[in-house]
Amino acid sequence: MPALRTTELIDVPARTVAGALIEVISKRAHLVSVSAGQIAAVLPGQPFRGARLTGTCASTPAGTMLTCELSWLSPNAFVDGIAVRRPVLSLLGSVAQGTRTRAVELVDAPVIVGTAIVRDGRLLAQQRAFPEDVAGMWELPGGRVEPGESDQAAVIRECQEELGITVSPGVAIGPDVVLPGGKLLRIYEAESAGDPVAVEHEAVRWLSQDELGDVEWLPADRILLPVFRDLVSGYAR
Ligand SMILES: Nc1nc2c([nH]c(=O)n2[C@H]2C[C@H](O)[C@@H](COP(=O)(O)OP(=O)(O)OP(=O)(O)O)O2)c(=O)[nH]1
């Protein structure tokens with residue numbers, strides 16, 4: 001399968017570069033997989049219809065190395081490679097540049113933390129009771145990081161307020177996801193032995209891997225479903 005790629009070094013954490021990349025790629029292509037380090041999508045329109053666009057974000061001491069690659073099926077890889085080289089490199093260049101610009105804008109964006117608590121192979125989710133436009137939809141426990149507060153402290157505070165449980169936050173998982181208004185949703189793994197209660201929410205539910213697709217997630221969480229699946233199946237990070 002022929003492929004062309006470009007690389008770009010960006011002085012922004014990899015999870016935020018990945019969030020910017022998701023936003024940029026989603027405008028042109030259908031996302032097919034999302035993980036902490038790699039976003040893949042398929043292009044719908046001509047001239048690259050069906051081609052696969054992959055962005056890989058690797059942390060290095062000098063910053064995040066973003067590699068954008070386009071690969072496509074071809075009966076004649078050599079001829080094809082020469083013929084499409086220019087438009088492919090132009091597409092990859094614009095994805096990489098767009099991602100750089102957005103990642104730099106987002107580096108200091110306000111953060112909403114989400115908490116991924118897995119117990120006995122099930123992920124804890126909660127159903128929103130308000131506002132009206134999202135009531136009934138599902139999300140992870142969490143909320144806004146207050147000024148001067150660390151992400152981990154916000155995870156602990158929000159889980160206490162929303163679920164009445166004490167959690168021990170672990171590492172951030174998956175990419176940041178850009179929310180409407182330019183905030184970032186960032187998910188942290190956490191452990192807790194407590195029994196969660198829906199204090200402000202309509203309901204809480206422990207979802208098995210098979211049930212993760214059964215509830216209506218908020219749009220940003222829907223993007224992260226592959227990350228939730230990996231986490232629940234024990235392959236996360
Ligand atoms: N907690 C949480 N919020 C999410 C998730 N996914 C997602 O798009 N959001 C959005 C919904 C809201 O617009 C925003 C967080 O709102 P929130 O009401 O939980 O925040 P908060 O507790 O700080 O409350 P407030 O002070 O803003 O009223 O993030 C998620 O998985 N968990």
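User: In this predicted model, which element gives the most to the shell around the ligand?

Analyst: Strand S9 does, with three residues. S9 spans 142-144. Strand S6 (111-119) and helix H4 (219-223) each supply at least two residues as well.

User: What makes a residue part of that shell, and how many residues surround the ligand?

Analyst: The cut-off is a C-beta atom, placed from the backbone, within 6 Å of the molecule. 13 residues surround the ligand. The closest are Gly 114, Glu 139, Gly 142, Gly 143 and Arg 144.

User: How does the shell around the ligand divide by class?

Analyst: Six residues are nonpolar, three are polar and four are charged. Gly counts as polar under this scheme, while Glu and Arg count as charged.

User: Why is Ala 14 called buried?

Analyst: The cut-off is 20 or more other C-beta atoms within 10 Å. Ala 14 has 23, so Ala 14 is buried. Ala 14 lies in helix H1.

User: What does Ala 14 touch, beyond residues up to four places away in sequence?

Analyst: Ala 14 touches Gly 37, Cys 57, Ala 58, Ser 59 and Thr 64. Pro 175 is 161 residues apart from Ala 14 along the chain, yet their C-alpha atoms are separated by 7.8 Å.

User: Which residues touch the most other members of the largest nonpolar core?

Analyst: Val 17, Leu 21, Ile 25 and Ala 116 do, in a core of 61 residues. Helix H1 (residues 14-26) contributes the largest share of this core, eight residues. Domain 1 (3-106) and domain 2 (111-232) each give the core at least three residues.

User: What is Ala 116 in contact with, leaving aside neighbours within four places in sequence?

Analyst: Contacts of Ala 116 include Leu 123, Leu 140, Ile 173, Ile 187 and Tyr 188. Glu 189, Ala 190, Phe 228 and Leu 231 are in contact with Ala 116 too.

User: Which residues of helix H5 are buried?

Analyst: Val 227, Phe 228, Leu 231 and Val 232 are the buried residues of H5, which runs over residues 225-232. They cover an arc of only 130° around the axis, so they sit on the same side of H5.

User: What covers the buried residues of H5?

Analyst: The cover includes strand S2 (30-34), S6, strand S7 (122-127) and strand S10 (168-178). Just after H5, Gly 234 has a positive phi of about 85°.

User: How is the protein chain divided, and how many residues does each domain put into the contact?

Analyst: The division is into domain 1 (3-106) and domain 2 (111-232). Their centres, taken over C-alpha atoms, are separated by 28 Å. Twelve residues of domain 1 and 13 residues of domain 2 make up the contact.

User: Which elements give two or more residues to the side of domain 1 that touches domain 2?

Analyst: H1 and S2 do. H1 gives the most to that side, with six residues. The residues of that side divide into six nonpolar, four polar and two charged.

User: What stands out about the phi of Asp 120?

Analyst: Phi of Asp 120 is near 50°, a positive value in a residue other than glycine. Most residues other than glycine have a negative phi. Asp 120 lies in the loop between S6 and S7.

User: Why is Phe 48 called partly exposed?

Analyst: Buried needs 20 or more C-beta neighbours, and exposed needs 12 or fewer. Phe 48 has 19 inside 10 Å, so Phe 48 counts as partly exposed. Phe 48 is placed in the loop between S3 and S4. Leaving aside neighbours within four places in sequence, Phe 48 is in contact with Leu 43, Leu 70 and Trp 72.

Note on methods:
Residues numbered from 1 in each chain as written. Predicted model: local features only at pLDDT ≥ 70, side-chain atom pairs only at ≥ 80, totals over all residues. Helix = DSSP H or I, 4+ residues; strand = E, 2+ residues; numbered from the N terminus. Core = buried A, V, L, I, M, F, W, Y, C linked by C-beta atoms within 7 Å. Domains from an automatic or database assignment. Contact = placed C-beta atoms within 7 Å. Arc of directions from axis to C-beta.
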